[in-house]
Amino acid sequence: MRILWRLYGYSARLLKTKLFRTAASNTSFPEVWILLIQYFERVPGFFWVVQRNSFFTMPEILENKADLELYSPHPEVRGMTTLDRAAFKRTIVVPVLKVKKVVINKLLKSLKHTTLQRPGLKRVIDDPKDEDNRLVLLDPHKISAEYSLGESEQEVLKQFNIDPHVSKYNLELTYDNFKTEEILRAVLPEGQDVTSGFSRIGHIAHLNLRDHQLPYKHLIGQVIIDKNPGITCTVNKINIIDNTYRNFQMEVLAGEANMITKTRENYITYEFDFSKVYWNSRLSTEHGRIIELLKPGDVLFDVFAGVGPFAIPAAKRKCSVFANDLNPESYKWLVHNCKLNKVDKKIKKFNMDGRDFLLGPVKEELTKELSLLTKERKNTLHIVMNLPALAIEFLDVFKHFLDGKPCSTDLLPTVHCYSFSKQDNPAKDVQERAEAFLGTSLEGRCSTHLVRNVAPNKEMMCISFQIPAEVLFKKQCTHEESPAEPASKRLRPNEDFPE
């Protein structure tokens with residue numbers, strides 16, 4: 001990681017050099033940045049590290065360094081806890097070019113890298129002294145200290161017979177002209193982290209504010225609403241997910257207190273009460289990854305289905321789906337979303353404890369499917385267990401799970417089990433814990449995937465493996481083994497690991 005930070009620092013200095021030259025440079029900052037994004041997206045967790053420290057994207061970091069003084073709101077807003085938009089007014093001096101309005105459109109195309117591109121501000125304004133002229137606002141960072149244009153720009157002006165003299169103009173900035181980060185940086189105490197990052201779930205913005213930001217929470221919530229069209233409610237999580245139903249308490253910071261929302265993920269629409277179910281927009285890629293493993297005719301058992309982000313796309317892919325969730329609210333919205341997406345007849349839905357679901361419907365259907373499967377019929381069986389805090393503790397259910405003789409190893413069900421890890425080697429940690437509950441080694445028989453970085457030194461992992469035949473099927477007794485142990489004892493739910 002230290003090597004990546006050195007590379008990032010070098011890239012940042014390179015981009016900064018390119019960005020703040022005069023317009024004589026032909027460098028396109030967005031194009032250069034896209035190339036960097038395409039590279040760093042392949043590095044797991046890299047963007048999280050950058051955002052963890054400042055909650056900015058990297059282009060904003062570079063831009064903010066240049067704009068820090070020029071585009072700072074009035075200093076009197078420091079410490080504000082109730083939003084007063086009028087207090088953000090400030091006048092700054094920017095360079096302008098006087099241009100005949102008849103040539104303004106042609107000129108703007110030639111000077112597009114030099115004009116002021118800041119969102120919310122017009123690049124061209126009326127000249128109060130001459131109605132035939134317009135004033136073109138120039139970017140102060142692209143103009144030299146002497147307020148003179150570069151050679152290439154002067155050549156363009158010469159073609160249009162325009163006086164190259166650059167004047168100064170007093171430009172009034174209001175609350176509407178400042179970015180979220182600039183407003184929050186001006187309000188919060190100097191030197192403290194500024195957060196503008198949030199998860200968006202339909203009209204709701206979900207924030208995880210730090211302790212030092214809590215005195216300003218209502219102001220932060222209102223600014224997020226003001227600066228993000230379509231968001232009408234901001235909420236802050238006020239406890240960790242530590243209950244049976246995987247939802248968390250939250251408070252409304254600003255806007256309407258409507259928690260029933262609609263969102264789209266991977267071209268599928270979901271509706272739910274965000275305050276009563278579990279939903280994480282950051283798992284969209286993982287949902288898609290698992291769905292890509294499925295083909296029409298496959299069978300998916302979703303043990304902790306939530307509102308359906310695995311189950312519904314699997315049904316859309318023409319798979320047979322069995323979806324379960326213990327939370328009555330999640331079950332209610334799972335049923336609703338199945339109807340909303342027209343797959344209600346393709347998904348069998350259950351409202352049960354996960355262990356009971358495995359020992360009941362899953363066991364029954366697996367027995368049926370494995371008896372029908374042949375080498376010629378290659379549809380696969382998948383069991384998804386997305387409850388990272390506890391799912392791995394459910395794996396002991398599969399010990400001696402089925403009667404009969406072991407089938408072909410190609411037809412054994414595949415488990416995708418999620419877990420958190422705080423170890424230095426999370427893949428090894430998750431594998432070893434899975435092996436402990438299964439009672440067998442998975443070496444060479446499993447794969448682990450980093451889903452996301454949840455917090456410092458805490459990873460969410462997915463371990464995938466076919467359940468070994470010696471685990472899944474009951475062992476045949478020999479004269480050396482005691483047949484006295486009843487099946488009910490071997491299949492008894494583990495009460496030490498409640499869901």
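Me: Which strand does Thr414 lie in?
Reply: Keeping in mind that this is a predicted model, Thr414 lies in strand S15, which covers residues 414-421.

Me: And is Thr414 buried or exposed?
Reply: Thr414 counts as buried, because its relative accessibility is 15% and the cut-off for buried is under 20%.

Me: What does Thr414 touch, leaving out residues up to four places away in sequence?
Reply: With those left out, Thr414 touches Leu381, His382 and Ile383, and also Phe465 and Gln466.

Me: Switching to helices, at what angle do the axes of H7 and H8 cross?
Reply: The axes of H7 (residues 180-187) and H8 (residues 217-227) cross at roughly 160 degrees and come within 10 Å. H7 is therefore roughly antiparallel to H8, and the crossing is right-handed.

Me: Which residues meet there?
Reply: From H7, Thr180, Ile183, Leu184 and Val187 meet Leu219, Ile220, Val223, Ile224 and Lys227 of H8. By class, the contact of H7 with H8 comprises seven nonpolar residues, one polar and one charged.

Me: Now strand S3, how many of its residues are buried?
Reply: Four of the five residues in S3 (residues 133-137) are buried, so the strand is largely enclosed by the rest of the structure.

Me: What does S3 pair with?
Reply: S3 pairs in the antiparallel sense with S1 (residues 90-100) over five bridges, Asn133 being the bridge partner of Lys100. S3 also pairs in the antiparallel sense with S2 (residues 124-126), over three bridges, and there Val136 is the bridge partner of Val124.

Me: How many residues does the hairpin from S2 to S3 run through?
Reply: The hairpin joins S2 to S3 through six residues.

Definitions and conventions
Residues numbered from 1 in each chain as written. Predicted model: local features only at pLDDT ≥ 70, side-chain atom pairs only at ≥ 80, totals over all residues. Heavy atoms only, no water. Helix = DSSP H or I, 4+ residues; strand = E, 2+ residues; numbered from the N terminus. Buried < 20%, exposed > 50% of the residue type's maximum accessible area, 1.4 Å probe, protein only. Contact = heavy atoms within 4.5 Å. Axes fitted to C-alpha atoms, helices over the stretch in contact; angles between N-to-C directions. Parallel < 35°, antiparallel > 145°, perpendicular 65-115°, else oblique. Left-handed = near helix turned anticlockwise from the far one by under 90°. Nonpolar A, V, L, I, M, F, W, Y, C, P; charged D, E, K, R; others polar. Pairing = 2+ DSSP bridges.
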